[in-house]
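Welcome, and take a moment to look around before reading on.

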Amino acid sequence: MAHAQRLSEQVKTMTGRIKELEEALHKSQKSNRGGSEPHPLLQTPSQSREYAELPELRTIYDEEVHDVSESIGSLSIDVNGRTKYHGESVGSEYFQPLFPPDSYPPQQSIPTDPKYLGLPFEIVDLCNAYPFGLRDSQYTKFLFSPFLPSRERALQLMELYYRNAAWMFDPIVREDFVTNVLTPLYGHTGSANVNNIHSHRLSVFFIVLASGVLYEQSASSGVIAEQYHALSRAALSLDPIYQDATCATVQALFMAFGHIYQSDRTNNEGRWLLMGVVVRVAQLIGLQRDNAGWGLGQEEIQRRRVLFWELYTVDAWTSILNGRPPALSINHTDCWFPEDLDPTIKPSGAVEMGWHNWKVRYSASCLGISVQHVFNTRVPSYSALLELDRKIRKFNLPSHLQSPMEASEAGRAWSPEAPRAMQQYAALCYREANLMYIHRSWFVQAIREAPVNPLQHKYAPSVLAVYRSACRLISSLNGLYRVHSQPTDRTWFFWSAIFSACIVLGAIVVDSPQCTLASNALQELDQGMILYEEGSLPCRPPATMLVLHKLRERAFTSLQAAQRDTRQSQSRMSSINPDDSDMLVLRTSDIVGTPFSSPASSASASGSDRQSSELSDADPSIVQYYAALANPNLVLPATREFELPSIQTFEPYHAAASQEDISAPSPFFDPALQAAIMKPITQTTQNIAGPSSSLPPPQPMPSSYPQVAPQNFYVNEAYNNNNQEEVWRTYINNLGVMKP
């Protein structure tokens, strides 16, 4: 009561003071300005603008709206009003609306509609209720008894699943599946009894079979996989997910997402929507909160933690690849990491974390920040991007997950076990694809605004980062594919990154053919195309190969035109009167140091003529950036703005700097490239691409291709008028490879 009286007295005092100030302001305005219009502070609400009553809202808007990122993404609307949105990080293969529709090669498709799979009407009816289920179902689990395979067949397909699919994401570990699904279903006699398990666990059983049979080498495996997939959907629909949700519900939905990802490359939007349903069901049962204090058993605690972090990782990657915000946020969870079920013991006795344990820690510590960086509506500073780059590169990688760049490398080799080798490449792909996607918009700006030499642009570090990541992705997967062609050929996550890598390598050559990296980028593009064409056939979208062939044609034409122009410039320079020294100096500075001079012309050039090069004249930021990459401690130079937003992150228990890419020799930390950046180089034709330097040069295109000079589509175009995703989308379009 006393407190209320004091507040009342304060209000009265402040009201009186406000009246005094208003009177003084009115007198001051009248004497100084003599106007009849009242001062804005003296206006009544009816005289004010509509939002005058909301000063806080107006202040927030007025002060912060100029910081909102222009990278709002791309919105496509067709004539019927169907709308799709993609943000700035979207993977290149998701620009399929730009692909030439009349140029799609015929593709044999397996029916996914249950009514075409030879299943009874009751199963089809249940499938049509997927994923929410029938509210008042008259069906029973006995509908599924005729479709249960023998125990031996079930074990065979289970092994195929865990060998070929679960190495990447494992929402239900083998022991959990055997103990809580397979054993109750078949019992000790081997005779199946569907009454022993819940319908949602029966759904898990069928989706494991569906994913496993995909890897059988038989003509009917695709149809059988779709039948099991339909049975999984039907079993889940027996009991509505909003009434009977359990961990098994989330597992069944999550594994269905993975199955569609592996089997149907055309159903991207279906996968996106299904992932949203999976996350909502997970939140419905509280997976985002740690459950150690809820009195659950240790087995259930571990199951929930495994499932949440697998889901978080896939949701984050799905978000980045589609250019859309994720459904889960790192700031909304306190779930602990699961126990490491697969640690590796080194010969020295030291224990290293296994793949799945490393994966979820990387996702929490690096991928989560990348997602927030990409989808933040406030403009992120470039120095914040470089700090994120540094964090990704420094994240510790166990030695058993480090991969060679080719089939073998000193101190590194691919594991003879396919799942282990796949995990080796997945670790590299996680980091390099992550780096490529977060740098790509800045890379586009650099080659747009400095097409002659993007290494002189202020965003030159992004050019180098994208180029380096693209080369590493291609070279390392080439080595893995030669050792383990299966299941590499069916892992679309890998090939998606290779397709994006080929696009950015081609972009360097098409729009910056005079750049020092262009010649090697074309060689890497050739190797990437050969690998992609051979290895991705079982899973790639059909039009992507056409896009790459057209990109390669344009890249070769651009590079050849640049070489021809360079030779003509050298010829003109040699014919200049020696007395015209000013013109001689100008022409020399224009052409010396380009990587396209013929060996003869390079040999005839004087040493002083070769004192300048594109790399030695690069922007200081790229010098600092490359020096940081080569620094064992990986400490980036100080900049003005290196603070990341204050966000919650999950730091792993290991803090040591990664040995990957730092202490071990790597062809992509080419000392010659570092020397070229730090000081002038003496060999203008030096190869800095790494492993592909030993490969044969690209074959010339047929003479029937028109030889035209490269065009710069962005002259006099103001970047600030476009958001970053529009820049990338327009750039892909203007490359001239997406349209006939």
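## A first stop at Lys346

Lys346 has a relative accessibility of 31%, so this residue counts as partly exposed. Keep in mind while you look that the model is predicted. You will find Lys346 in the loop that runs between strand 3 (344-345) and strand 4 (351-352). Setting aside neighbours within four places in sequence, Lys346 is in contact with Glu352 and Ser399. Ser399 sits 53 residues away from Lys346 in sequence, yet their C-alpha atoms are 9.0 Å apart in space.

## The chain as a whole

Stepping back, the chain holds 23 helices and 6 strands. It has 740 residues, and 52% of them count as buried. Take the contacts between residues at least 6 apart in sequence: 77% of these join residues at least 24 apart.

## Two nonpolar cores

Which residues touch the most other members of the largest nonpolar core? They are Trp358, Tyr425, Phe443, Phe493, Phe494, Trp495 and Ile498, in a core of 92 residues. Several helices give two or more residues to this core, and they are helix 10 (298-322), helix 11 (355-375), helix 12 (382-394), helix 13 (418-449), helix 14 (460-483), helix 16 (492-511), helix 17 (518-535) and helix 18 (544-574). Helix 13 gives the most, with 18 residues. Another core, of 74 residues, lies apart from this one, and its members include Leu119, Cys247, Phe257 and Ile260.

Not counting residues up to four places away in sequence, Tyr425 touches Ser403, Trp414, Leu473, Ser476, Leu477, Leu480, Phe494 and Ile498.

| Helix | Residues | Span between end C-alpha atoms | Expected span |
|---|---|---|---|
| Helix 14 | 24 residues | 35 Å | 34 Å |

Is helix 14 largely enclosed or largely open? Of its 24 residues, 21 are buried, so helix 14 is largely enclosed by the rest of the structure.

Helix 9 has its own list of buried residues: Asn268, Arg271, Leu274, Met275, Val277, Val278, Val279, Val281 and Ala282. These buried residues pack against helix 8 and helix 10. After helix 9 comes Gly286, which has a positive phi, near 75°.

## Space inside

How many cavities of 30 Å³ or more are there? The count comes to 5. The largest cavity holds about 510 Å³ of space. It is lined by 29 residues, and those closest to its centre are Met168, Phe169, Gly258, Tyr261 and Gln262. Two or more lining residues come from each of helix 4 (151-164), helix 8 (247-263), helix 9 (268-284) and helix 10. Helix 8 gives the most to this lining, with 7 residues. By kind, the lining residues divide into 19 nonpolar, 9 polar and 1 charged.

Methods. Residues are numbered from 1 along each chain as its sequence is written. This is a predicted model: local features need pLDDT of at least 70, side-chain atom pairs count only at pLDDT 80 or more; totals for chains, interfaces and linings use all residues. Side-chain values use heavy atoms; hydrogens and water are left out. A nonpolar core is a set of buried Ala, Val, Leu, Ile, Met, Phe, Trp, Tyr and Cys residues joined through side-chain atoms within 4.5 Å. Buried means under 20% relative accessible area, exposed over 50%, partly exposed in between (1.4 Å probe, protein chains only). Helices (H or I, at least four residues) and strands (E, at least two) are DSSP runs, numbered from the N terminus. Contact means heavy atoms within 4.5 Å. The expected span of a helix is 1.5 Å times one less than its number of residues. On a 1 Å grid over the protein atoms alone, a cavity is a set of points where a 1.4 Å probe fits but cannot get out, and a pocket is an open set with protein on both sides within 12 Å along at least five of seven lines; lining residues have an atom within 4 Å of a point. Grid points are joined across faces, edges and corners, and a volume is the space filled by probe spheres set on the points. Ala, Val, Leu, Ile, Met, Phe, Trp, Tyr, Cys and Pro count as nonpolar, Asp, Glu, Lys and Arg as charged, and the others, Gly among them, as polar.
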